[in-house]
2 protein chains.
Amino acid sequence: MTKTAAIIGGGVIGGGWAARFLLMGWNVRLFDPDPEARRKMGEVLDNARRSMPGLFDIALPDEGQLTFHDSIKDAVAGASWIQESVPERLDLKHEVFQSVEAACEPSAIVGSSTSGFRPSQLQQGAKRPGQIVVTHPFNPVYLLPLVELVTTKANTSAMAEQAKETLTSIGFYPLHIKKEIDAHVADRLLEAVWREALWLVRDGIATTEEIDNSIRYGFGIRWAQMGLFETYRVAGGEAGMKHFIAQFGPALKWPWTKLMDVPDLTDELVDTIAGQSDDQSGAYSIRELERIRDANLVAMMRALKGQGWGAGALLNAADRAGEKLARSLDQIADPAQPILTVHRAVPLDWTDYNGHMNEAKYLQAFGDATDRFMEIIGCNADYIAKGGSFFTAETHIRHIDEVHAGAVISVQTRCLMGAGKKMHLWHEMYEGARLLATSEHMLIHVSLETRKASPPGPEIASALTRIASAHADLPMPEGAGRFVGQGR
Amino acid sequence: MTKTAAIIGGGVIGGGWAARFLLMGWNVRLFDPDPEARRKMGEVLDNARRSMPGLFDIALPDEGQLTFHDSIKDAVAGASWIQESVPERLDLKHEVFQSVEAACEPSAIVGSSTSGFRPSQLQQGAKRPGQIVVTHPFNPVYLLPLVELVTTKANTSAMAEQAKETLTSIGFYPLHIKKEIDAHVADRLLEAVWREALWLVRDGIATTEEIDNSIRYGFGIRWAQMGLFETYRVAGGEAGMKHFIAQFGPALKWPWTKLMDVPDLTDELVDTIAGQSDDQSGAYSIRELERIRDANLVAMMRALKGQGWGAGALLNAADRAGEKLARSLDQIADPAQPILTVHRAVPLDWTDYNGHMNEAKYLQAFGDATDRFMEIIGCNADYIAKGGSFFTAETHIRHIDEVHAGAVISVQTRCLMGAGKKMHLWHEMYEGARLLATSEHMLIHVSLETRKASPPGPEIASALTRIASAHADLPMPEGAGRFVGQGR
């Protein structure tokens with residue numbers, strides 16, 4: 001049976017909860033007195049629909065039904081989960097909980113998105129305090145897995161388990177915090193950074209942009225995969241966490257931040273940290289953790305490269321600065337020879353656990369070769385912006401030999417035919433002189449407006465004809481024109 | 001002419017500098033009195049060689065030459081860049097600089113990797129203080145782009161420009177900090193978090209692992225792409241940065257961290273932050289920033305998914321929990337029909353800037369379909385671990401129609417032939433009833449030890465035969481056996 005969630009407060013956070021529940025197949029009943037609530041919810045849902053389902057390699061359930069309600073009483077009817085995301089005022093939250101508990105199922109879980117209040121504060125005055133917990137998510141709620149689940153003695157462990165199960169089932173990672181403090185855990189770290197960052201801006205040391213760059217080009221990328229302690233464990237090297245603390249412990253007494261109320265690094269605290277770090281990461285050696293970290297960083301930085309953002313934008317700029325291959329016909333020394341269209345190392349994230357390049361990455365490299373060939377004949381970003389391009393209609397790949405991460409590969413490209421709307425290309429991939437794969441492609445020139453075949457512009461047609469004629473004198477490559485399964 | 005760098009201190013940080021210079025084509029002269037220096041350097045270089053070159057989509061220059069030297073005097077000969085990475089003791093660093101300046105070129109730049117010392121402290125007592133700057137990198141130095149360049153009045157602006165140019169040329173992002181403070185910028189933020197995290201462990205609120213999870217499943221992923229202020233600008237929504245500060249400003253007075261020495265949020269400071277944030281991010285609307293952020297997060301989380309780590313490991317677990325497709329032959333209702341082998345949404349990072357799925361991602365989905373078919377006939381992780389698998393020898397793809405991000409696609413798979421070492425597959429990709437692409441593959445069973453063709457195990461052979469016979473009664477699919485460019 002389809003489950004039902006009630007969302008009280010449909011701003012950025014409440015809307016994010018609603019979107020996550022909906023896309024995970026729950027029906028959602030929303031209460032928000034804001035006259036703009038429908039528009040705002042629609043915008044959050046649009047963002048969630050384009051980004052969240054593709055995170056998974058399986059199809060999500062059919063989207064649930066979203067309904068808007070004029071009262072809390074109406075919204076919570078039949079809901080097994082009720083999520084409160086109203087502004088951070090305790091009196092307001094108490095009012096909401098009062099209306100909720102008057103109308104909801106006693107078995108429903110009532111989660112609060114509060115950033116700062118402790119669950120015992122929220123439970124004050126409730127008839128059934130055991131129903132109320134903190135479930136603090138992170139924006140964007142429909143993408144980031146973390147939710148802090150904070151409970152008190154009023155909550156049974158069965159109820160906490162049920163909350164964890166529900167949160168996990170909609171794709172969250174519930175971090176169960178059993179000892180409540182103001183602002184829970186993650187926001188304490190965020191608040192410390194926020195305060196220090198305010199000092200840096202106030203004292204004119206760095207601008208907001210410089211501070212952001214100091215995060216996203218450095219430790220931010222590390223923290224996205226390992227967090228603080230595991231990162232330091234790796235940095236401590238073979239000597240481990242105790243060594244790291246011994247080395248950096250003295251800095252606690254130095255004015256390295258404006259925030260000076262620091263705990264004493266007693267032997268007991270050092271042992272606690274080192275022991276917890278062993279429990280957390282001890283299954284891996286430092287060398288293994290280094291390699292895991294590096295593969296994670298490469299994969300994430302290359303992911304950002306695909307988006308042209310952050311550290312990825314820097315890498316794209318470095319590529320452009322170091323570019324050696326031809327980008328136009330007049331840079332080709334001998335147009336009668338195959339053209340070098342790719343020259344690069346095999347990235348870690350192109351390989352499987354054995355270090356061999358994955359099937360689809362061959363086509364990625366061949367696709368890059370096609371893009372470069374198109375650029376050389378003048379079908380570049382400017383031309384494409386004006387509404388013409390070549391689309392691949394057909395591809396035939398032969399895998400001849402394997403290649404490992406880090407190997408330098410090159411692709412040589414021949415034009416087998418180029419006339420009218422058609423372009424027939426032949427790529428060969430090598431590591432040194434060793435042939436790794438071949439790829440044959442038929443491309444059709446299209447109008448990007450109609451998405452239909454159309455003749456290319458005259459400059460493109462002329463450049464294509466020139467290369468096709470020059471390449472026509474080369475012997476036909478072995479393997480061209482093959483069909484799958486053809487005998488040798 | 002090949003440039004030369006001298007590296008003084010070859011630990012994790014110095015070794016990382018050496019590796020980056022070498023892989024960027026510089027010769028490196030290393031001084032480190034540690035008898036283990038060669039082994040340690042070799043290990044850092046191994047890690048760098050497998051991970052760094054593939055960050056770029058171009059080939060890096062030929063690797064430079066690494067030499068080991070017994071004295072600083074010898075190491076700095078001919079070096080245009082000298083990098084000091086010895087332990088954090090000012091007396092030790094002063095000794096190193098004395099030996100360096102006695103032997104090095106006056107035009108050489110002497111960078112210090114110090115985490116905490118101000119450049120004016122390092123320059124004390126130097127004959128040519130203008131040669132010395134802080135260039136503070138982040139571990140792993142061969143991957144992360146951030147380096148903090150901190151200068152004093154003793155450094156000319158021409159020298160600072162030259163330093164920036166060199167750092168950029170080896171793939172760094174130099175963040176130039178002109179107002180020196182202890183620990184520069186990034187480490188002040190790190191130190192604030194470190195101090196707060198120590199309190200959390202000491203007070204028994206969270207373990208090291210829980211703290212790491214609170215980072216890497218939440219704000220860590222955000223910070224890897226936007227940093228602190230731009231993330232908050234987006235969170236503030238349409239009302240912008242001033243609104244955000246107004247909303248969260250009061251928390252500065254609350255005990256949300258143990259670190260309580262906070263700056264006053266004067267109107268002037270609020271205006272400064274809001275103005276700097278406009279300069280930094282004002283070119284984008286909040287809606288645009290949200291979409292950029294979401295695309296970045298999806299790409300990075302999916303990158304981690306490929307590595308099976310952090311937020312990506314959570315997503316893999318969610319996939320397994322929600323899996324509906326068959327994983328074995330006995331789960332197939334009607335083996336005489338094509339088998340559903342992929343059912344998923346098109347992720348944002350599979351698409352180009354127009355939102356259309358990229359060429360190589362079609363093969364990624366078809367490759368996933370092949371993997372699933374292999375699993376169904378028993379060629380699963382256990383079987384592969386025992387040393388057998390199928391390798392793709394040949395692939396033919398036809399692109400029939402386009403598909404957008406977020407669309408739900410499915411792949412239906414037929415076995416055209418399965419006998420001996422050969423497996424001939426036919427995949428059709430659909431969005432609903434709309435045919436998007438077909439893919440034909442010849443796979444060969446191999447021994448993973450010899451990497452040569454070998455017969456599959458008897459259970460695999462029998463399952464394959466069973467499906468192949470059942471599928472033999474289906475009509476031959478249109479387009480099977482085509483070669484590239486064949487008429488219709």
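Mentor: Let's start at A:E440, which is found in strand β13 of chain A, residues 434-447. Keep in mind that this is a predicted model. Mean pLDDT for chain A comes to 91, with 97% of its residues at 70 or more, and the model as a whole scores ipTM 0.90 and pTM 0.90.

Is A:E440 buried or exposed? A:E440 counts as buried, because 25 C-beta neighbours sit inside 10 Å, and the cut-off for buried is 20 or more. Leaving out residues up to four places away in sequence, A:E440 touches A:H396, A:W426, A:A480 and B:V484. So that list takes in a residue of chain B as well as residues of chain A. Look at A:T395 too: 45 residues separate A:T395 from A:E440 along the chain, yet their C-alpha atoms are 5.6 Å apart.

Now follow A:H396, one of the contacts of A:E440. The bridge partner of A:H396 is B:H396, in β10(B). The two β10 strands, residues 388-399 of chain A and residues 388-399 of chain B, pair antiparallel over five bridges.

That pairing takes us to the contact between the chains, where chain A puts in 153 residues and chain B puts in 153 residues. On the side of chain A that touches chain B, the biggest giver is helix α7(A), residues 186-202, with 17 residues. By class, that side of chain A splits into 80 nonpolar, 38 polar and 35 charged residues.

Helix α8 of chain A (residues 208-223) packs against helix α11 of chain B (residues 267-281) at about 65 degrees, and their axes are 8 Å apart. From α8(A) the contact uses A:T208, A:E209 and A:D212, while α11(B) brings B:I273, B:Q276, B:S277, B:D279 and B:Q280. Sorted by class, the residues of that contact are one nonpolar, four polar and three charged.

The α8 helix of chain B, residues 208-223, lies across β7 and β8 of chain A and runs at about 145 degrees to β8(A). Those strands belong to an open, mixed sheet of eight strands in chain A, ordered β3-β2-β1-β4-β5-β6-β7-β8. Its edge strands are β3 (66-69) and β8 (173-177) of chain A, each pairing on one side only. From one strand to the next, the twist averages 25 degrees. Inside the sheet, β1(A) (residues 4-8) and β4(A) (residues 81-84) run parallel and are joined by four bridges, with A:I7 opposite A:Q83 of β4(A). Chain A has a helix of its own on this sheet: α6(A), residues 157-169, touches β4, β5 (109-112), β6 (132-137), β7 (146-150) and β8, and its direction makes about 155 degrees with that of β8(A).

One last stop in chain A is helix α14(A), residues 359-376. Its 18 residues reach 27 Å from first C-alpha to last, close to the 26 Å expected at 1.5 Å a residue. Most of α14(A) is covered, with 13 of its 18 residues buried. After α14(A) comes A:G378, whose phi is positive, near 100 degrees.

Definitions and conventions: Residues are numbered from 1 along each chain as its sequence is written. Chains are lettered from A and ligands numbered from 1 in the order in which they are written. This is a predicted model: local features need pLDDT of at least 70, side-chain atom pairs count only at pLDDT 80 or more; totals for chains, interfaces and linings use all residues. Two residues are in contact if their C-beta atoms, placed from the backbone, lie within 7 Å. Ala, Val, Leu, Ile, Met, Phe, Trp, Tyr, Cys and Pro count as nonpolar, Asp, Glu, Lys and Arg as charged, and the others, Gly among them, as polar. Two strands pair if DSSP finds at least two bridges between them. Axes are lines fitted to C-alpha atoms, for helices over the stretch in contact, and angles run from 0 to 180 degrees between N-to-C directions. pLDDT is the predictor's confidence in each residue, from 0 to 100. The expected span of a helix is 1.5 Å times one less than its number of residues. A residue is buried if 20 or more other C-beta atoms lie within 10 Å of its own, exposed if 12 or fewer, and partly exposed in between; C-beta atoms are placed from the backbone.
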